[in-house]
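Reader: Before I rely on any label attached to this model, I would like to hear what each one rests on. Could we go through them one by one?

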Amino acid sequence: MQKPIQELAPRISDCLKVIYALQERNQKVSTSAVSERLGVSDATATMMFKEFASAGWVEHVPYHGVRLTPLGEQKAMEVIRHHRLLELYLARELGYSWDKVHAEADRLEHVISEEFEEKLDQLLGYPTVDPHGDPIPSKDGVMVVRKGIKLSQLPEGTSAQILRVSDQDPEKLCYLGSLGLYPESRIQLLSRAPFEGPLHIRVGEEAAMADYMLGFELAEHIIVTVLP
């Protein structure tokens with residue numbers, strides 16, 4: 001199992017990404033959660049968990065399923081680094097829209113070499129975030145996450161800047177893009193309806209502001225930092 005990332009079976013590296021994503025959201029990493037996201041059977045997910053445990057990549061945590069060990073997290077960082085560098089390359093150099101880069105990078109991340117990755121990193125100017133604002137791990141596996149809060153938690157009347165959009169669903173990203181809700185965009189929460197109702201938001205700078213209603217569920221996936 002101790003192979004370079006590009007020599008791992010795609011399902012293995014995809015599983016590492018899914019486990020890391022679930023952990024990041026403090027969700028239970030169960031066989032059913034992983035199998036649902038990978039589109040495989042529970043039996044297949046269980047088999048991969050056993051393989052990962054044998055390789056020292058995961059350990060079982062009671063009531064939480066499995067958790068990546070430091071070695072497993074290192075492997076996951078390698079996969080994520082490949083993926084997010086490719087996403088940025090596709091968006092910046094090839095003109096892909098941000099709702100299409102995820103699926104394309106999924107296909108490419110399994111075949112690029114470490115040398116190609118280094119050239120890509122250099123070409124892009126050693127970036128730290130991908131098109132969705134997700135942090136790109138460094139070569140030595142360090143991931144610096146910019147701290148923020150969910151848009152759904154922003155106090156009414158407060159202005160903020162979008163740091164990250166954590167949902168990878170293409171249709172949702174396409175919709176958010178149509179509202180101008182990209183990383184680095186300025187946003188103000190004007191008001192929110194009670195009981196997880198929609199949010200009334202203002203997007204853009206003074207010269208080009210626009211008001212929209214945004215559902216609570218979508219606002220949960222937008223991470224912002226409050227502007228002074």
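**Salt bridges and their surroundings**

Author: The side chains of Lys139 and Glu114 meet in a salt bridge, with 3.2 Å from N to O. Lys139 lies in the loop between helix 6 and strand 3 (149-150) and Glu114 in helix 6, so the pair ties together parts that are 25 residues apart in sequence. This is a predicted model, in which local features need pLDDT of at least 70 and side-chain atom pairs count only at pLDDT 80 or more, while totals for chains, interfaces and linings use all residues. Residues are numbered from 1 along each chain as its sequence is written, and side-chain values use heavy atoms, with hydrogens and water left out.

Reader: What makes Lys139 buried, exposed or partly exposed?

Author: Buried means under 20% relative accessible area, exposed over 50%, and partly exposed in between, with a 1.4 Å probe and protein chains only. Lys139 has a relative accessible area of 45%, so Lys139 is partly exposed; Glu114, with 25%, is partly exposed as well. Salt bridges that share partners join Arg81, Glu114, Glu117, Glu118, Asp121 and Lys139 into one network.

Reader: Which parts of the chain does the salt bridge of Glu24 and Arg164 tie together?

Author: The closest N and O atoms of Glu24 and Arg164 are 3.2 Å apart. Glu24 lies in helix 1 and Arg164 in strand 4 (residues 159-165), so the pair ties together parts that are 140 residues apart in sequence. Arg164 is buried because its relative accessible area is 13%, whereas Glu24, at 32%, counts as partly exposed.

Author: A further salt bridge joins the side chains of Lys17 and Glu109, at 2.9 Å from N to O. This pair links distant parts of the chain, Lys17 in helix 1 (residues 10-24) and Glu109 in the loop between helix 5 (101-108) and helix 6 (114-123), 92 residues apart. Lys17 is buried, and so is Glu109.

Reader: How do you know how many disulfides there are?

Author: A disulfide is a pair of cysteine sulfur atoms within 2.5 Å, and by this rule the count comes to zero. As for the cysteines themselves, Cys15 is buried, with a relative accessible area of 0%, and Cys174 is partly exposed, with 47%.

Reader: What makes something a helix or a strand here, and how many of each does the protein have?

Author: Both are DSSP runs, numbered from the N terminus: helices are H or I with at least four residues, and strands are E with at least two. The protein has eight helices and eight strands.

Reader: What makes strand 3 and strand 7 edge strands?

Author: Six strands form an open sheet in the order 3-8-4-5-6-7, with antiparallel pairing. Strand 3 and strand 7 are the edge strands, since each pairs on one side only. Two bridges join strand 3 to strand 8 (residues 222-226), and Ile149 stands opposite Val224 in strand 8.

Terms used. A salt bridge is a side-chain nitrogen of Lys or Arg within 4 Å of a carboxyl oxygen of Asp or Glu. Two strands pair if DSSP finds at least two bridges between them.
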